[in-house]
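Please read the following walk through one protein model with the structure open beside the text.

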Amino acid sequence: MNDREQAAEEFRRQGFRIARVAAEHKELYSVLLDGAVVPAEVTGRLMYSAEHRRDFPAVGDWVAVQHFEGSSAIIHHILPRRTVISRKTSGKEFDEQLIAANVDLVFIVQSLDNSYNLRRLERFLVVATESGARPVVLLSKADLIGADELAVRIAEVTAVSPGVHIIAYSAKTLDHVGEIRTLIDAETTVCFVGSSGVGKSTLINRLIGADVLETFEVREEDSKGRHTTTRRQLLPLEGGGFVIDTPGMRELGLWSVSGSLEEVFPEIAERSSSCRFTDCTHTHEPGCAVRAGVESGDVAPERYDSYLKLKKEAEYVAARSDIRKQQERKAKEKQLGRAIKQVFKSRKKQ
Ligand SMILES: Nc1nc2c(ncn2[C@@H]2O[C@H](COP(=O)(O)OP(=O)(O)OP(=O)(O)O)[C@@H](O)[C@H]2O)c(=O)[nH]1
Ligand SMILES: [Mg+2]
Ligand SMILES: [Zn+2]
């Protein structure tokens, strides 16, 4: 039995029911409970004890709820998560945003029209790998290009996605859609990510076999999507398995990164162990094996630039979240100090 099943059993013993978070709208949720979609709220206790975004339920979470017929379910506990897909919140605020929890496969969708972008793909691969789930690259709209161009594109994508399963498909002709379906068995949860207009919702509709999700044409001049999907949503598939649709992301800022850069850029990681300095930044140091690789043509310059950019971003986030942790610790100490003073004061009065 895994952690989650163990926790579920314990919560059931305490009289709770186990549900799965299907959608999130500010502080309101909807959960799947025995096949029905039920509105839900978190308990006040969970809300007030929460310190971080991670302490709140996310789409895909298994939760222990209380539910009385005709009212909202009350979420009391979040069951242990196996994986979490996170990014930095978009905009000025510096915080984590949970895209989804308990995902097994991340389907990174890129379309083979004008919005195709390998650098963006690398970024998605880092975020997906970091989550603990397995990334799969889906190249949509294969019907829009010829066989020769498709072969070139697949070779390019293969070069930036070492060891990753890649499937080119068409939701129009249904070419390779069956192959995608076979990746999702009864125990699997899949999260779709990718820019607006690449065809995430269209593919989910094909997998479900009905037009349950709204889709919309892309702009003709640049193949840009119109942000048709506006919220994350988990849907059960007939015959088992779950899919999570997400809105097209304008930006995908990295949150915590540990180890995934090395997995996504193995040719750079391998070389860096031969650099003269163990803390080599691969930018200006003498004896840098990574730069030597770029000069000899063994490391593609675009890959090198992309790696450095992502690494810098990851380091920035790590430094800022360290500062934030220190600030939070100090604030807590101050609060505690004040509370102790209060106790002494009231004792003196007595
Ligand atoms: N030719 C072709 N068009 C496709 C394919 N898949 C999706 N489309 C079209 O692409 C457009 C955008 O599809 P959506 O499914 O709405 O895209 P999305 O990724 O969900 O976009 P957002 O919800 O905005 O993030 C629609 O007009 C689809 O019909 C495909 O395989 N081939
Ligand atoms: Mg959509
Ligand atoms: Zn180096």
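Asp298 and Arg271 form a salt bridge in this predicted model, and their closest N and O atoms are 3.7 Å apart. Asp298 has a relative accessible area of 52%, and because the cut-off for exposed is over 50%, Asp298 counts as exposed. Arg271 has a value of 23%, so Arg271 is described as partly exposed.

How many salt bridges does a search of the whole structure find? The search gives 16.

One of them joins the side chains of Arg13 and Glu10, with 2.7 Å from N to O. Both residues are in helix H1 (residues 3-13), and because they are 3 residues apart there, about one helical turn separates them. Arg13 is exposed at 60% relative accessibility, whereas Glu10 is partly exposed at 33%.

Another salt bridge is formed by the side chains of Arg219 and Glu221, where the N to O distance is 3.6 Å. Here Glu221 counts as exposed, with 61% relative accessibility, and Arg219 is partly exposed, with 34%. Salt bridges can also share residues and link up: Arg119, Glu122, Glu267 and Arg303 are connected in a network of them.

The next topic is the division into domains. The protein is split into domain 1 (3-78), domain 2 (84-245) and domain 3 (260-315). Between the C-alpha centres of domain 1 and domain 2 there are 27 Å. Where these two domains meet, 14 residues of domain 1 are in contact with 16 residues of domain 2.

The size of an interface is often given as the accessible area lost when the parts come together. For domain 1 and domain 2 the buried area is about 1,300 Å², and carbon and sulfur atoms give 54% of that area. Which residues of domain 1 lose the most area to domain 2? They are Arg20, Arg54 and Val59, which together make up 40% of what the domain 1 side buries.

Polar groups also take part in this interface. Across the boundary of domain 1 and domain 2 there are 2 salt bridges and 7 residue pairs in polar contact. Strand E1 (residues 17-25) gives the most to the side of domain 1 that touches domain 2, namely 6 residues. Arg54, already named for the area it loses to domain 2, forms a salt bridge with Glu96, and the closest N and O atoms of this pair are 2.9 Å apart.

Gly60 is in the loop between helix H2 (44-49) and strand E4 (62-66). Is Gly60 buried or exposed? Its relative accessible area is 0%, so Gly60 is buried. Leaving out residues up to four places away in sequence, Gly60 touches Arg20, Val21, Ala101, Asn102, Leu234 and Ile244. Val218 lies 158 residues from Gly60 along the chain, and the C-alpha atoms of these two residues are separated by 28 Å.

The model also holds a magnesium ion (ligand 2), and its protein donors are Ser201, through OG, and Thr229, through OG1. These donors lie 2.0 to 2.1 Å from the magnesium ion. Ser201 is in helix H6 (residues 200-208) and Thr229 is in the loop between H6 and strand E12 (233-236), so the pair ties together parts that are 28 residues apart in sequence. Ser201 is buried at 8% relative accessibility, and Thr229 is buried at 17%.

Helix H6 also contains Asn205. At 3% relative accessibility, Asn205 is buried. Apart from residues up to four places away in sequence, Asn205 touches Ala210, Asp211, Val212, Leu213 and Thr215.

Notes
Residues are numbered from 1 along each chain as its sequence is written. Chains are lettered from A and ligands numbered from 1 in the order in which they are written. This is a predicted model: local features need pLDDT of at least 70, side-chain atom pairs count only at pLDDT 80 or more; totals for chains, interfaces and linings use all residues. Side-chain values use heavy atoms; hydrogens and water are left out. Donors are N, O and S atoms within 2.8 Å of the metal (3.2 Å for Na, K and Ca); water is not among the atoms, so sites may look incomplete. Helices (H or I, at least four residues) and strands (E, at least two) are DSSP runs, numbered from the N terminus. Buried means under 20% relative accessible area, exposed over 50%, partly exposed in between (1.4 Å probe, protein chains only). Domain bounds come from an automatic or database domain assignment. Contact means heavy atoms within 4.5 Å. Buried area is the accessible area (1.4 Å probe) that two parts lose on being put together, summed over both. A salt bridge is a side-chain nitrogen of Lys or Arg within 4 Å of a carboxyl oxygen of Asp or Glu. A polar contact is a pair of N or O atoms within 3.5 Å; within protein, one must be able to donate a hydrogen and the other to accept it, and residues adjacent in sequence count only if both atoms are side-chain atoms.
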